[in-house]
Amino acid sequence: MNGIPTITKNLLAINVLMFLALFVAERHGIDLNAILGLHLFMSEDFQPYQLVTYMFMHGSITHLFFNMFALYMFGRTLEYMWGPKRFLVYYLVAGVGAALVQEAVCIARYNAMVSNMSPQDVELVLMYGLDALHQGKNFIDPSLGALNLVLNSTTVGASGAIYAILLGFGMLFPNEQMFVFPIPFPIRAKYFVLGYAVIELYLGVSGTADGVAHFAHLGGMLFGLLLILYWRKRGRISGPYV
């Protein structure tokens, strides 16, 4: 990993090692994603440390690969520009911010669902839903099953922090030409980032591609933007921001 700055290199290593640890723990009957992944704060499985640890866990090799590829491609540039300390702060703040947005969205969804259900049905999910998911099962009733997934599903992945890195790159180098598959022509970084944000917003609002925390991605971008604007106001960073 010569040529990769310290924080980017360490983040890559930690994420890969945690993914390997996931499989080692599985052999001993331990689900690290269930322990370190993010749960809704109302779930019995929620722990405060999950607001940080979830971003170092991943659900599949593909999930890990694309996040780490983006971290390698864009994260090292930001670290060279900002230095290791500021880059690490940016990464962690964006990741925690993404978790907080995900929690808020899930709470809103939970409250909306509960308002249309009987207290008995809600109590049924609260009592037995978590055990059902631990056994790889869920309620047959669609409304109970949907409520259980909102209440007890696990969120994992560095995507919130990665989307913040994409935002940072787009703000520092807005006119940088990028080739993005399958688009056959180069596009400017600022349009690439804006396009990603619009897609994530659409998918999140429409409920398309269930199982993906679209609002967590947007939350990472939001907290990344707020931190960059704060640094700009304090005169701690400079450069083009379009």
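Start by selecting F19. This residue is buried, with a relative accessible area of 8%. Keep in mind that the model is predicted.

**Stop 1: F19 and F23**

F23 is partly exposed, at 42% relative accessibility. Both residues lie in helix α1, which spans residues 6-26. They are four residues apart, so about one helical turn separates them. Now show the rings. F19 and F23 form an aromatic pair, 5.0 Å centre to centre. The angle between the planes is 80 degrees, and the pair is edge-to-face. Planes over 60 degrees apart count as edge-to-face, which is why the pair gets that label. The structure holds nine aromatic pairs.

**Stop 2: F169 and F173**

Which geometry does the pair of F169 and F173 have? Select both and look at the rings. Their centres are 5.1 Å apart. Their planes meet at 40 degrees, so this pair is tilted. Check the surroundings next. F169 is buried, at 10% relative accessibility. F173 is partly exposed, at 22%.

**Stop 3: the cluster at F65**

Go to helix α4, residues 61-82, and pick F65. Together, F65, F66 and F69 make up one aromatic cluster.

**Stop 4: charges over rings**

Select Y72 and R76. The charged end of R76 sits over the ring of Y72. The distance to the ring centre is 4.1 Å. Then select R86 and W231. Here the charged end of R86 sits over the ring of W231, 5.2 Å from its centre.

**Stop 5: Q50**

Finish at Q50. Is Q50 buried or exposed? Its relative accessibility is 0%, so Q50 counts as buried. Q50 belongs to helix α3, residues 50-53. What is Q50 in contact with, leaving aside its neighbours within four places in sequence? Show A34, I35, L36, G37, L38 and H39, then D45; Q50 is in contact with each of these residues.

Terms used
Residues numbered from 1 in each chain as written. Predicted model: local features only at pLDDT ≥ 70, side-chain atom pairs only at ≥ 80, totals over all residues. Heavy atoms only, no water. Phe/Tyr/Trp six-rings, centres within 6.5 Å; stacked < 30°, edge-to-face > 60°. Helix = DSSP H or I, 4+ residues; strand = E, 2+ residues; numbered from the N terminus. Buried < 20%, exposed > 50% of the residue type's maximum accessible area, 1.4 Å probe, protein only. Lys NZ or Arg CZ within 6 Å of the ring centre and 35° of its normal. Contact = heavy atoms within 4.5 Å.
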